[in-house]
Amino acid sequence: MSVLTRDEAQTRAELLDVHRYTIELDLTSGDDTFGSRTAIRFSARADGDTFVEVKPAELRSVTLDGQPLDPEALDGNRLPLKNLTAGEHELRVHAHMRYSRTGEGMHRFTDPTDGETYVYTQLFLDDVQRVFAAFDQPDLKAVFELSVKAPEDWTVLANGITEHTGNGLWQAAPTPLISTYLVAVAAGPWHSVRTEHRGLPFGIHCRRSLAPYLDTDADELFEITRQCYDRYHEKFDEPYPFDSYDQAFVPEFNAGAMENPGLVTFRDEFVYRSAVTDTERQTRAMVIAHEMAHMWFGDLVTLKWWDDIWLNESFAEYMGYQTLTEATRFTDTWTDFGVARKSWGYDADQRPSTHPVAPEAVDDTASALLNFDGISYAKGASALRQLVAWLGEKDFLAGINTHFARHKFANATLADFIDNLASATERDVHAWADAWLRTTGVDTLTPRVAPGEHGTCALTADRAGSRPHRIAAGLYDRDLGDDGGHLVLRERLHLDLPQTAPHPIGKRPALLLLNDGDLTYAKVRFDPESFETVRKDLSGLPEPLTRAVVWNALRDAVRDGELAPAAYLETARAHLPLETDLAIVQGVLAFASTHIADRYVTPEERPAALATLSELCRDLIRRTEDGDNPGLRLIAVRHRIDVAAHPDTIAAWLADGTVPGGPELDPELRWRVLARLAVLGATDETAIAAELDRDPSATGQEGAARCRAALPDPEAKARAWEAMFASDELSNYLFTATAAGFWQPEQADLVREYVPRYYADAVAVADRRGPAIAGAVGRDAFPAHAVDTDNLRLGEECLRDADPVPALRRKLIDQLDDLSRALRVQGSRTDQEPQNT
């Protein structure tokens with residue numbers, strides 16, 4: 001299949017104006033394919049040749065202005081349109097299209113719980129071609145009018161309000177001008193809950209087997225939706241631009257959610273079957289806020305080409321967190337951002353595959369797809385947070401509203417946006433954009449404290465990097481009236497970097513913390529005295545966002561080989577039992593287990609690391625015995641299961657159906673325990689099958705696939721490998737579940753033979769099954785546990801000689817860089833902290 005280049009898109013946009021798509025989909029023609037009829041009305045500005053994209057199972061017929069075209073002319077995904085004359089045209093395409101099992105195009109899913117079938121579209125970035133013929137680029141916006149034939153007991157949802165006209169036929173209201181990748185359909189026997197807000201229909205939808213769980217949370221979901229909707233209308237002059245707002249929780253969804261106008265699709269893990277923490281509810285609320293922000297950033301005003309994806313994603317990310325903080329009960333979302341999202345950006349920005357937030361050259365759609373990463377989301381949102389700190393929110397919002405007014409229902413570029421911001425301020429926004437959006441890498445900020453007269457000091461914040469920063473420096477003193485290790489904020493200094501002169505700070509503080517409040521995007525180091533304070537008194541810092549900045553600094557120091565992994569674990573052991581913020585507890589435990597215990601310590605050191613983490617989790621479980629913090633207890637129980645080195649305790653929990661003192665083991669915890677028992681060789685196929693009988697849901701199927709792949713048995717490993725790499729039967733979710741079970745550090749000897757096999761098999765399956773599976777192969781199926789030079793060499797040879805598809809190549813580049821980093825960390829064995837940590 002040919003990817004679309006920027007030059008081709010520009011040429012086509014200069015030739016064509018696309019007015020309207022009339023689309024008829026027939027979802028009643030079988031389990032493998034569906035019918036697709038498309039009429040496209042467009043005009044050519046001059047005589048010329050062009051093409052339309054379509055990826056059919058069978059191209060039945062094509063006519064242009066009533067004259068037949070040869071279906072055999074289809075070349076890959078391109079149907080040539082030759083000898084167009086200037087003026088109006090109508091193209092009609094009739095095709096049969098394949099349903100997807102990988103979350104691309106029209107995904108089809110049959111619920112194992114009740115046998116009901118659901119379909120939904122995911123047309124981003126260039127997958128509209130899998131559903132209907134289109135001039136598939138974001139700057140050829142058009143009106144879309146859809147009709148759908150579906151089984152009689154199905155409901156059809158679309159971008160606009162849908163009406164059932166009888167005999168299984170549904171008609172959707174025509175859309176305003178939108179881009180091809182934003183068209184959406186979701187059809188099936190949905191369970192729906194509907195309401196209205198400010199005269200606008202709101203709906204939430206899920207498959208029937210999840211109905212009780214959606215009903216339980218419906219009030220919360222609608223409350224968050226209303227609060228965000230109202231807050232955006234306070235911020236933005238342009239009103240919500242579509243005729244309804246539906247949110248569909250759909251199965252086997254590859255992303256967190258997708259911002260289809262009027263019909264946002266979410267992964268249906270957000271319909272909680274099992275107990276979750278309040279931080280997880282906050283994450284769901286943030287995704288709701290993020291996707292609603294897209295109704296303006298991306299849907300109303302859309303990027304012209306994929307080099308400006310940050311105009312979509314960075315803004316939605318920033319607005320999601322900020323609006324949640326302002327409008328809902330989740331008032332501390334920036335702590336979660338600092339712990340759970342920002343590290344995603346920092347890690348991505350230090351790999352060879354890094355790119356600017358706003359790259360100047362994205363040559364084609366395949367390259368563009370690779371940039372939906374921690375840089376376009378987390379780094380971009382961090383840059384916008386820094387911009388607001390520098391510019392002021394009033395001028396920032398004024399520039400945004402100018403941007404909406406000038407480009408609504410049209411397309412815009414980075415240059416357009418910066419010009420619109422500049423119109424609202426005297427500051428040099430263009431210089432800021434060059435420094436922040438056109439550069440790569442992470443600046444590092446290090447404090448230097450110089451003694452002055454009469455016991456006073458002066459602060460200089462050294463900056464390794466090139467960006468300007470507006471930050472706060474927190475000066476913390478020990479509370480002399482308290483022996484509990486509490487720290488009190490003396491002052492927050494506001495600094496602009498680079499500094500012109502040292503800043504007097506009076507008496508030397510116990511802790512000097514740069515970027516207190518986390519307003520910029522930079523790594524932070526400590527001076528020696530501050531580091532000693534952190535080691536002793538981290539949990540005594542008064543604000544969770546401050547503690548998050550410190551924990552991130554420690555995380556970065558470990559990754560950079562400047563802090564021994566054991567020292568991080570010791571700090572966690574000392575201070576995490578006193579932590580009150582769930583996002584911090586979850587983030588620290590996740591890094592400690594998946595990075596430190598699994599990769600950054602040697603195999604010989606791993607048992608001690610797991611023992612430390614087990615003790616830490618036991619401390620947290622003991623602390624929550626009174627039942628006053630069920631979220632913290634749930635996090636501790638989950639991680640106690642994951643780091644169990646011996647099966648006895650967790651096997652007893654599974655047999656009893658409960659953790660002593662709670663919680664009872666719900667389906668998520670039961671599968672979690674069984675997966676760990678499988679790794680430890682303490683369960684078998686009989687137990688897995690029995691658990692699947694107990695929970696035959698889609699989630700249960702995934703749990704069973706993970707457990708079976710995790711069994712320390714050569715035949716089980718061979719079956720899992722065959723399913724992932726030789727057969728194409730696994731859906732995207734079952735592939736990921738199988739991959740999650742296959743590689744285990746405890747089973748390194750058992751799976752050693754598969755490490756060299758991985759690279760050839762990964763290249764083949766990625767080429768065969770497309771970008772979604774290619775991404776999963778590189779992300780989830782990579783042998784990350786094998787931290788050794790042989791694995792690194794094999795990966796480098798694959799990149800050099802095997803020509804993996806772009807989605808896999810990017811993932812392998814990132815994985816091999818992470819592998820190199822892990823080898824460096826393992827090689828930097830020292831318990832001596834540097835002068836500046």
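**Entry 1: Asp-65.** I began at Asp-65, which sits in the loop between strand 4 (58-64) and strand 5 (67-69); helices (H or I, at least four residues) and strands (E, at least two) are DSSP runs numbered from the N terminus. The model is predicted, so I took local features only at pLDDT of at least 70 and side-chain atom pairs only at pLDDT 80 or more, while totals for chains, interfaces and linings use all residues. Residues are numbered from 1 along each chain as its sequence is written, and side-chain values use heavy atoms, with hydrogens and water left out. Asp-65 has a positive phi, near 55°, and is not a glycine. Its relative accessibility is 40%, so I noted Asp-65 as partly exposed (buried is under 20% relative accessible area, exposed over 50%, partly exposed in between; 1.4 Å probe, protein chains only).

**Entry 2: Asn-515.** I looked up another non-glycine residue with positive phi: Asn-515, near 65°. Asn-515 belongs to the loop between strand 27 (511-514) and strand 28 (523-524). With a relative accessible area of 1%, Asn-515 is buried.

**Entry 3: cis peptide bonds.** I checked omega at Leu-497 to Pro-498 and found a cis bond, near 5°. Pro-498 is in the loop between strand 25 (487-497) and strand 26 (503-507). The bond from Phe-124 to Leu-125 is also cis, with omega near -10°. Leu-125 lies in the loop between strand 9 (117-122) and strand 10 (143-149).

**Entry 4: Lys-379.** I placed Lys-379 in helix 7 (residues 375-391). Lys-379 counts as buried because its relative accessibility is 1%. Leaving out residues up to four places away in sequence, I listed its contacts (heavy atoms within 4.5 Å); among them are Asp-349, Thr-439, Thr-440, Arg-467 and Tyr-521.

**Entry 5: helix 12.** I compared the length of helix 12 (residues 544-559) with expectation: its 16 residues should span 22 Å at 1.5 Å a residue, and the end C-alpha atoms are 22 Å apart, which agrees. The expected span is 1.5 Å times one less than the number of residues. After the helix comes Gly-561, with a positive phi near 75°.

**Entry 6: whole chain.** I noted 27 helices and 28 strands in the protein chain. Buried residues are 59% of its 837. The C-alpha trace spans about 90 × 70 × 55 Å along the principal axes. Of the contacts with a separation of 6 or more, 72% join residues 24 or more positions apart.
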